[in-house]
Amino acid sequence: MGRTRDRLKKAIAQSRIPSSHGIRYANELLALGAWFREHAEGVPAFARNRDLYAHVNEEVLGDAPIDLFEFGVREGSTISKWMEVNSNPASRFFGFDSFEGLPESWRGGVGETPAGSFATGGAVPRLDDERVHFVAGLFQETLSAFLTQDYRPTGNRRVLHCDADLYSSTLFVLATMHPWLDPGSVIVFDEFDSPLHEFRAFVDYTSSYRRRFRAIARTGPLLARLAVEILE
Ligand SMILES: C[S@@+](CC[C@H](N)C(=O)[O-])C[C@H]1O[C@@H](n2cnc3c(N)ncnc32)[C@H](O)[C@@H]1O
(Lines give C-alpha, C1' and ligand atoms only; values in the text may rest on other atoms or scores of the structure.)
Protein backbone atom coordinates (compact mmCIF):
# COMPACT_ATOMS: atom_id res chain seq x y z
CA MET A 1 0.00 0.00 0.00
CA GLY A 2 2.94 2.37 -0.69
CA ARG A 3 0.82 4.41 -3.08
CA THR A 4 -1.90 4.88 -0.48
CA ARG A 5 0.72 6.14 1.98
CA ASP A 6 2.13 8.52 -0.66
CA ARG A 7 -1.34 9.85 -1.44
CA LEU A 8 -1.96 10.30 2.25
CA LYS A 9 1.28 12.25 2.77
CA LYS A 10 0.61 14.36 -0.32
CA ALA A 11 -2.95 15.04 0.77
CA ILE A 12 -1.77 16.21 4.17
CA ALA A 13 1.30 18.13 2.93
CA GLN A 14 -0.49 19.95 0.11
CA SER A 15 -3.75 20.39 1.91
CA ARG A 16 -5.26 23.78 1.22
CA ILE A 17 -8.53 22.61 2.74
CA PRO A 18 -9.71 22.85 6.33
CA SER A 19 -7.92 20.33 8.49
CA SER A 20 -11.13 18.60 9.63
CA HIS A 21 -11.77 17.60 6.02
CA GLY A 22 -8.14 16.50 5.64
CA ILE A 23 -8.46 14.33 8.74
CA ARG A 24 -11.68 12.76 7.48
CA TYR A 25 -10.04 12.09 4.13
CA ALA A 26 -6.93 10.60 5.78
CA ASN A 27 -9.04 8.34 8.01
CA GLU A 28 -11.13 7.07 5.10
CA LEU A 29 -8.01 6.55 2.97
CA LEU A 30 -6.55 4.37 5.70
CA ALA A 31 -9.88 2.51 5.93
CA LEU A 32 -9.79 1.97 2.16
CA GLY A 33 -6.27 0.52 2.44
CA ALA A 34 -7.41 -1.90 5.16
CA TRP A 35 -10.52 -2.82 3.15
CA PHE A 36 -8.37 -3.51 0.10
CA ARG A 37 -6.06 -5.84 2.04
CA GLU A 38 -9.01 -7.70 3.52
CA HIS A 39 -11.20 -8.06 0.43
CA ALA A 40 -9.52 -7.28 -2.85
CA GLU A 41 -5.75 -7.74 -2.86
CA GLY A 42 -5.79 -11.15 -4.53
CA VAL A 43 -8.55 -10.62 -7.12
CA PRO A 44 -7.74 -10.51 -10.85
CA ALA A 45 -6.53 -7.03 -11.85
CA PHE A 46 -6.90 -5.55 -15.33
CA ALA A 47 -5.26 -2.58 -17.02
CA ARG A 48 -8.33 -1.56 -19.03
CA ASN A 49 -11.96 -1.09 -17.94
CA ARG A 50 -13.23 -3.06 -20.91
CA ASP A 51 -11.14 -6.08 -19.88
CA LEU A 52 -12.64 -5.91 -16.41
CA TYR A 53 -16.18 -5.85 -17.86
CA ALA A 54 -15.34 -8.75 -20.22
CA HIS A 55 -13.96 -10.80 -17.32
CA VAL A 56 -17.06 -10.18 -15.20
CA ASN A 57 -19.32 -10.95 -18.15
CA GLU A 58 -17.64 -14.21 -19.09
CA GLU A 59 -16.44 -15.61 -15.76
CA VAL A 60 -19.21 -14.45 -13.41
CA LEU A 61 -22.28 -13.76 -15.55
CA GLY A 62 -21.61 -16.52 -18.11
CA ASP A 63 -22.53 -14.13 -20.95
CA ALA A 64 -26.15 -14.69 -19.94
CA PRO A 65 -28.86 -12.04 -20.37
CA ILE A 66 -28.47 -9.24 -17.84
CA ASP A 67 -30.32 -6.14 -16.71
CA LEU A 68 -27.58 -3.55 -16.44
CA PHE A 69 -28.35 -0.33 -14.60
CA GLU A 70 -25.82 2.41 -15.13
CA PHE A 71 -25.92 5.37 -12.76
CA GLY A 72 -23.97 8.24 -14.31
CA VAL A 73 -24.07 7.88 -18.10
CA ARG A 74 -22.76 11.19 -19.45
CA GLU A 75 -22.20 10.56 -23.19
CA GLY A 76 -22.67 6.82 -22.91
CA SER A 77 -19.07 5.65 -23.25
CA THR A 78 -19.24 3.02 -20.48
CA ILE A 79 -22.72 1.71 -21.24
CA SER A 80 -21.64 1.27 -24.88
CA LYS A 81 -18.69 -0.85 -23.76
CA TRP A 82 -21.01 -3.02 -21.68
CA MET A 83 -23.35 -3.45 -24.67
CA GLU A 84 -20.42 -4.62 -26.81
CA VAL A 85 -19.18 -7.00 -24.14
CA ASN A 86 -22.62 -8.51 -23.46
CA SER A 87 -24.27 -8.87 -26.87
CA ASN A 88 -27.03 -11.19 -25.63
CA PRO A 89 -30.25 -10.04 -27.37
CA ALA A 90 -32.27 -10.61 -24.16
CA SER A 91 -30.08 -8.22 -22.14
CA ARG A 92 -31.42 -4.80 -21.21
CA PHE A 93 -29.45 -1.66 -20.41
CA PHE A 94 -30.96 1.14 -18.34
CA GLY A 95 -28.98 4.37 -18.08
CA PHE A 96 -29.80 7.00 -15.45
CA ASP A 97 -28.43 10.54 -15.46
CA SER A 98 -29.66 14.09 -15.09
CA PHE A 99 -27.37 14.93 -18.02
CA GLU A 100 -26.91 18.22 -16.11
CA GLY A 101 -23.67 17.17 -14.42
CA LEU A 102 -22.80 16.55 -10.79
CA PRO A 103 -25.55 17.91 -8.50
CA GLU A 104 -22.95 18.97 -5.91
CA SER A 105 -19.18 19.38 -5.85
CA TRP A 106 -17.10 16.22 -5.61
CA ARG A 107 -14.42 16.85 -3.05
CA GLY A 108 -11.43 14.55 -2.76
CA GLY A 109 -8.33 14.86 -0.58
CA VAL A 110 -6.77 17.82 -2.33
CA GLY A 111 -8.85 18.80 -5.34
CA GLU A 112 -12.51 19.47 -5.93
CA THR A 113 -14.62 18.87 -9.04
CA PRO A 114 -17.35 21.52 -9.11
CA ALA A 115 -21.09 20.94 -9.32
CA GLY A 116 -22.23 20.82 -12.94
CA SER A 117 -19.11 18.95 -14.15
CA PHE A 118 -19.73 16.28 -16.82
CA ALA A 119 -22.94 17.97 -18.02
CA THR A 120 -24.02 17.23 -21.57
CA GLY A 121 -26.37 20.21 -21.63
CA GLY A 122 -29.29 17.84 -21.15
CA ALA A 123 -28.43 15.81 -24.27
CA VAL A 124 -29.21 12.10 -23.95
CA PRO A 125 -26.92 9.73 -25.88
CA ARG A 126 -28.27 8.31 -29.13
CA LEU A 127 -27.16 4.70 -29.31
CA ASP A 128 -28.21 2.44 -32.12
CA ASP A 129 -29.25 -0.52 -29.98
CA GLU A 130 -32.86 -1.22 -29.05
CA ARG A 131 -31.77 -2.91 -25.80
CA VAL A 132 -30.87 0.45 -24.20
CA HIS A 133 -33.22 2.86 -22.47
CA PHE A 134 -32.29 6.14 -20.74
CA VAL A 135 -34.03 7.81 -17.83
CA ALA A 136 -33.22 11.54 -17.56
CA GLY A 137 -33.41 13.35 -14.23
CA LEU A 138 -31.93 13.22 -10.77
CA PHE A 139 -31.81 9.65 -9.46
CA GLN A 140 -33.61 10.91 -6.36
CA GLU A 141 -36.52 12.03 -8.59
CA THR A 142 -36.69 9.20 -11.13
CA LEU A 143 -35.41 5.88 -9.79
CA SER A 144 -38.16 4.87 -7.35
CA ALA A 145 -40.91 5.60 -9.88
CA PHE A 146 -39.02 3.73 -12.60
CA LEU A 147 -38.63 0.65 -10.41
CA THR A 148 -42.25 0.54 -9.29
CA GLN A 149 -44.00 1.66 -12.51
CA ASP A 150 -41.80 0.80 -15.50
CA TYR A 151 -39.36 -1.93 -14.59
CA ARG A 152 -40.55 -5.49 -15.34
CA PRO A 153 -38.00 -8.04 -14.11
CA THR A 154 -37.59 -10.97 -16.51
CA GLY A 155 -35.27 -13.15 -14.47
CA ASN A 156 -32.17 -11.49 -15.92
CA ARG A 157 -29.37 -11.17 -13.42
CA ARG A 158 -28.87 -7.56 -12.36
CA VAL A 159 -25.66 -5.60 -12.76
CA LEU A 160 -25.19 -2.09 -11.36
CA HIS A 161 -22.54 0.16 -12.79
CA CYS A 162 -22.03 3.03 -10.35
CA ASP A 163 -20.31 6.03 -11.92
CA ALA A 164 -21.99 8.97 -10.23
CA ASP A 165 -18.83 9.82 -8.27
CA LEU A 166 -20.62 11.27 -5.23
CA TYR A 167 -21.31 9.65 -1.85
CA SER A 168 -24.88 11.01 -1.79
CA SER A 169 -25.78 9.75 -5.27
CA THR A 170 -24.12 6.34 -4.79
CA LEU A 171 -25.63 5.67 -1.38
CA PHE A 172 -29.07 6.68 -2.64
CA VAL A 173 -28.75 4.29 -5.59
CA LEU A 174 -27.57 1.35 -3.46
CA ALA A 175 -30.30 1.83 -0.86
CA THR A 176 -33.04 2.29 -3.48
CA MET A 177 -31.88 -0.71 -5.53
CA HIS A 178 -31.60 -2.81 -2.35
CA PRO A 179 -34.80 -4.87 -2.92
CA TRP A 180 -33.55 -5.71 -6.43
CA LEU A 181 -30.02 -6.67 -5.37
CA ASP A 182 -30.57 -10.40 -4.97
CA PRO A 183 -27.63 -12.68 -4.22
CA GLY A 184 -25.71 -13.06 -7.47
CA SER A 185 -26.19 -9.41 -8.41
CA VAL A 186 -23.00 -7.67 -9.46
CA ILE A 187 -21.99 -4.09 -8.67
CA VAL A 188 -19.18 -2.32 -10.49
CA PHE A 189 -17.80 0.91 -9.05
CA ASP A 190 -15.98 3.29 -11.34
CA GLU A 191 -14.19 5.26 -8.62
CA PHE A 192 -13.97 2.91 -5.68
CA ASP A 193 -10.64 4.54 -4.78
CA SER A 194 -12.48 7.74 -3.86
CA PRO A 195 -12.37 7.26 -0.07
CA LEU A 196 -15.06 9.76 0.92
CA HIS A 197 -17.44 8.81 -1.87
CA GLU A 198 -18.05 5.45 -3.64
CA PHE A 199 -15.96 3.50 -1.12
CA ARG A 200 -17.72 5.00 1.88
CA ALA A 201 -21.16 4.62 0.27
CA PHE A 202 -20.53 0.89 -0.29
CA VAL A 203 -19.21 0.37 3.25
CA ASP A 204 -22.20 2.22 4.72
CA TYR A 205 -24.65 0.28 2.52
CA THR A 206 -23.19 -3.17 3.25
CA SER A 207 -22.99 -2.54 6.99
CA SER A 208 -26.46 -0.95 7.30
CA TYR A 209 -28.22 -3.57 5.20
CA ARG A 210 -26.05 -6.44 6.46
CA ARG A 211 -24.97 -7.58 3.00
CA ARG A 212 -22.25 -10.14 2.38
CA PHE A 213 -20.25 -9.83 -0.81
CA ARG A 214 -17.08 -10.94 -2.52
CA ALA A 215 -14.74 -8.83 -4.60
CA ILE A 216 -14.45 -10.23 -8.13
CA ALA A 217 -12.00 -8.06 -10.06
CA ARG A 218 -10.40 -4.64 -10.12
CA THR A 219 -8.36 -2.34 -12.31
CA GLY A 220 -5.11 -0.59 -11.56
CA PRO A 221 -2.12 -1.57 -9.47
CA LEU A 222 -4.27 -1.01 -6.39
CA LEU A 223 -7.91 -0.11 -6.82
CA ALA A 224 -9.78 2.17 -9.13
CA ARG A 225 -12.63 0.22 -10.65
CA LEU A 226 -13.91 -2.62 -8.51
CA ALA A 227 -16.48 -5.36 -9.20
CA VAL A 228 -18.24 -7.19 -6.37
CA GLU A 229 -20.87 -9.93 -6.27
CA ILE A 230 -23.59 -9.83 -3.62
CA LEU A 231 -23.65 -13.14 -1.73
CA GLU A 232 -26.47 -12.59 0.73
C1 LIG B 1 -18.27 10.79 -14.33
S2 LIG B 1 -19.80 11.10 -15.07
C3 LIG B 1 -20.28 9.55 -15.76
C4 LIG B 1 -19.36 9.07 -16.87
C5 LIG B 1 -19.93 7.97 -17.72
N6 LIG B 1 -20.14 6.71 -17.01
C7 LIG B 1 -19.12 7.71 -18.98
O8 LIG B 1 -19.15 6.58 -19.48
O9 LIG B 1 -18.46 8.64 -19.47
C10 LIG B 1 -20.88 11.24 -13.65
C11 LIG B 1 -22.33 11.48 -14.05
O12 LIG B 1 -23.15 11.25 -12.91
C13 LIG B 1 -24.29 12.08 -13.02
N14 LIG B 1 -24.89 12.18 -11.67
C15 LIG B 1 -24.26 12.24 -10.47
N16 LIG B 1 -25.15 12.27 -9.46
C17 LIG B 1 -26.38 12.23 -10.04
C18 LIG B 1 -27.70 12.21 -9.50
N19 LIG B 1 -27.94 12.25 -8.17
N20 LIG B 1 -28.73 12.13 -10.38
C21 LIG B 1 -28.51 12.09 -11.71
N22 LIG B 1 -27.27 12.11 -12.29
C23 LIG B 1 -26.22 12.17 -11.45
C24 LIG B 1 -23.75 13.36 -13.60
O25 LIG B 1 -24.75 14.07 -14.32
C26 LIG B 1 -22.62 12.86 -14.54
O27 LIG B 1 -23.05 12.78 -15.88
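**The ligand and its surroundings**

A: A nitrogen atom of the ligand lies 3.0 Å from a backbone N or O atom of F139. The model is a predicted one, in which local features need pLDDT of at least 70 and side-chain atom pairs count only at pLDDT 80 or more, while totals for chains, interfaces and linings use all residues. Residue numbers start from 1 along each chain as its sequence is written, and side-chain values use heavy atoms, with hydrogens and water left out.

In the side chain of E70, an N or O atom is 3.3 Å from a nitrogen atom of the ligand. An oxygen atom of the ligand, in turn, is 3.2 Å from a backbone N or O atom of G101. The criterion for a polar contact is a pair of N or O atoms within 3.5 Å; within protein, one atom must be able to donate a hydrogen and the other to accept it, and residues adjacent in sequence count only if both atoms are side-chain atoms. The ligand taken alone exposes 600 Å², and the protein buries 94% of that area. Accessible areas come from the Shrake-Rupley method with a 1.4 Å probe, and for residues only the protein chains shown count as cover.

The site of the ligand is the largest pocket. A pocket is found on a 1 Å grid over the protein atoms alone, as an open set of points with protein on both sides within 12 Å along at least five of seven lines; a cavity, by contrast, is a set of points where a 1.4 Å probe fits but cannot get out, and lining residues have an atom within 4 Å of a point. A molecule sits in a pocket or cavity if more than half of its atoms lie within 2 Å of its grid points.

Most residues other than glycine have a negative phi, and most peptide bonds are trans. F99 has a positive phi, near 60°, although F99 is not a glycine. F99 is in the loop between β3 (92-97) and β4 (106-107). With a relative accessibility of 0%, F99 counts as buried; buried means under 20% relative accessible area, exposed over 50%, and partly exposed in between (1.4 Å probe, protein chains only). F118, likewise not a glycine, has a positive phi of about 75°. F118 belongs to the loop between β5 (112-113) and β6 (132-136), and its relative accessible area of 33% makes F118 partly exposed.

N156 is located in the loop between α5 and β7 (157-162). At 10% relative accessibility, N156 is buried. The side chain of N156 forms a polar contact of 2.9 Å with the side chain of D67, and a polar atom of the N156 side chain lies 3.4 Å from the backbone oxygen of I66.

Helix α7 (residues 198-208) contains the buried residues E198, F199, R200, A201, F202, Y205 and T206. Just after α7, R210 takes a positive phi of about 50°. R211 is in the loop between α7 and β9 (213-219) and is buried, at 11% relative accessibility. Along the chain R211 and I230 are 19 residues apart, and their C-alpha atoms are separated by 7.1 Å. D190 occupies the loop between β8 (186-189) and α7; its relative accessible area is 7%, so D190 is buried. D190 and N49 are 141 residues apart in sequence, yet 8.9 Å apart in space, C-alpha to C-alpha. In strand β8 lies V186, which is buried at 0% relative accessibility.

Conventions. Helices (H or I, at least four residues) and strands (E, at least two) are DSSP runs, numbered from the N terminus.
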